[in-house]
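Hi,

Here is the structure I promised to pass on to you. Have a look at it first, and then read on for what turned up in it.

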Amino acid sequence: MPQQLIKVARPTKIELIKLRRRLVLATRIQKIIKDRVSILILEFLQIARQTVETKRALLEEFSEGYKALSIAAGYHGYIALEKELIASEKDLAIAGGLRNVGGVRIPAFELKEEEGALRGYSLVDTSSWLDQAARLSGKCLETIVELAELQRSLELLGKEINRTKRILNALEYLIIPSLQATIKYLYMKFEERDREEKSRLKRVKVLLERR
Amino acid sequence: MADELPYDRILRECLKSELRVINAHLPSKQKPLSDLLSEEYPHVLCRDGSTHLFKRKELKYLADLLDAEEQKELSLPILIGVVAGVGEIVILCPGVVEEKVISKILDMPLTRGQKGIVIYKPQLAIIRKLLRTTTQYLFPPKL
């Protein structure tokens, strides 16, 4: 593909110096952006792996939790269990904020736990089966919050990788080659001028000798 | 000579903002681990005015690795410098506590260079997996 030249006002040495400076800057920025993309991809892959692991863990926890709950329901009976669990309803507290990965703002969530807090149901009237079910559902909640963070992170990182790659491609395949082509063009122009100057001088010399 | 490409100017602006964006998240001031552990919502303020939240789980993990004196010396977030074009990662550490933490996480002795601890990408993945919020990337134009 022929490289397009950048518009320069006049083919002078000053323009050449300016272009060379721009090329150095563009190359440096290209290196930084390349590193950024590789870091973003590293993070993306790591989060993708973690998302898969967390999803698998969540499914296992759900199946364990439902198993424990059905055993508890069988032991106490549905009506008694429902009566006990009415009082155990409470609001969740989630601490939310942002963290930054290579210029991408990613949400960070954390389930706030009250240490040593009671679950809300009577420990006298219930069995350890219900305790087990409550413990497992608590674990499920934690994993759900973690999964929400991971999935949103994946989306945001994916978008940013796309955007940065587009900039990197523009630099790699358009800006830097066109700068290089323009610099080359200016060099050729100067050489041409030198040759013209040399032949002019020769011509003048011949004319002077004739006189 | 061919006309200037219509998006050449836009791209130039993009590049400028790109450099601004990648380092805007750096903390205006790092905080010691001991202080963060006592905060209800452990966080630091960033240069762009946003807040960076630390996960309590990670802080507790770090606290388990260090004694009380070292907890006061460890400034968070730990800055990880990415050297352009080389593929080397430099962990900027003013003290020895960071070195101890990284060494324990990687389970290997580390040598400290002039700029900081030099590690490579596979090791970086291990560190970032464990310390997601307590480490931050830094893209220095020249390191």
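Let's start with two helices of chain A: helix 1 and helix 2 (residues 78-86) pack at an angle of about 110°, and their axes are 6 Å apart. That makes helix 1 of chain A roughly perpendicular to helix 2 of chain A, as angles of 65 to 115 degrees count as roughly perpendicular, those under 35 as roughly parallel, those over 145 as roughly antiparallel and the rest as oblique. Axes here are lines fitted to C-alpha atoms, for helices over the stretch in contact, and angles run from 0 to 180 degrees between N-to-C directions. On the helix 1 side, the contact is made by A:Ala72, A:Ala73 and A:His76, and on the helix 2 side by A:Tyr78, A:Ala80 and A:Leu81. (Two residues are in contact if their C-beta atoms, placed from the backbone, lie within 7 Å.) By class, this contact of helix 1 with helix 2 of chain A has 5 nonpolar, 1 polar and no charged residues. For the classes, Ala, Val, Leu, Ile, Met, Phe, Trp, Tyr, Cys and Pro count as nonpolar, Asp, Glu, Lys and Arg as charged, and the others, Gly among them, as polar.

Before going further, a word on how to read it. This is a predicted model, in which local features need pLDDT of at least 70 and side-chain atom pairs count only at pLDDT 80 or more, while totals for chains, interfaces and linings use all residues. Residues are numbered from 1 along each chain as its sequence is written, and chains are lettered from A and ligands numbered from 1 in the order in which they are written.

Now chain A as a whole. There are 3 helices and 2 strands in it, where helices (H or I, at least four residues) and strands (E, at least two) are DSSP runs numbered from the N terminus. Along the sequence, the pattern of chain A is α-α-β-β-α. The radius of gyration of chain A is 35 Å, well over the 17 Å that the globule rule gives for 211 residues, so chain A is more spread out than a compact globule. (That radius is taken over C-alpha atoms, and the globule rule is 2.2 Å times the number of residues to the power 0.38.) The C-alpha atoms of chain A fill a box of roughly 130 × 30 × 20 Å along the principal axes. Of its 211 residues, 19% are buried; a residue is buried if 20 or more other C-beta atoms, placed from the backbone, lie within 10 Å of its own, exposed if 12 or fewer, and partly exposed in between.

Two residues are worth a click. A:Gln30 sits in helix 1 (residues 13-76) of chain A, and it counts as buried because it has 20 C-beta neighbours inside 10 Å. Leaving out residues up to four places away in sequence, A:Gln30 touches A:Leu168, A:Leu171, A:Glu172 and A:Ile176.

On to the strands. Strand 1 (residues 94-101) and strand 2 (residues 104-111) of chain A run antiparallel and are joined by 8 bridges; two strands pair if DSSP finds at least two bridges between them. They form a hairpin with 2 residues between them, and A:Gly102 in the turn has a positive phi of about 50°. A:Leu98 stands opposite A:Pro107, and A:Ala95 stands opposite A:Glu110. The covered face of strand 2 of chain A holds A:Val104, A:Ile106, A:Ala108 and A:Glu110.

Finally, chain B. Here 33 residues of chain B are in contact with 30 residues of chain A. Helix 1 of chain B gives the largest share of the chain B side, 7 residues.

Happy browsing!
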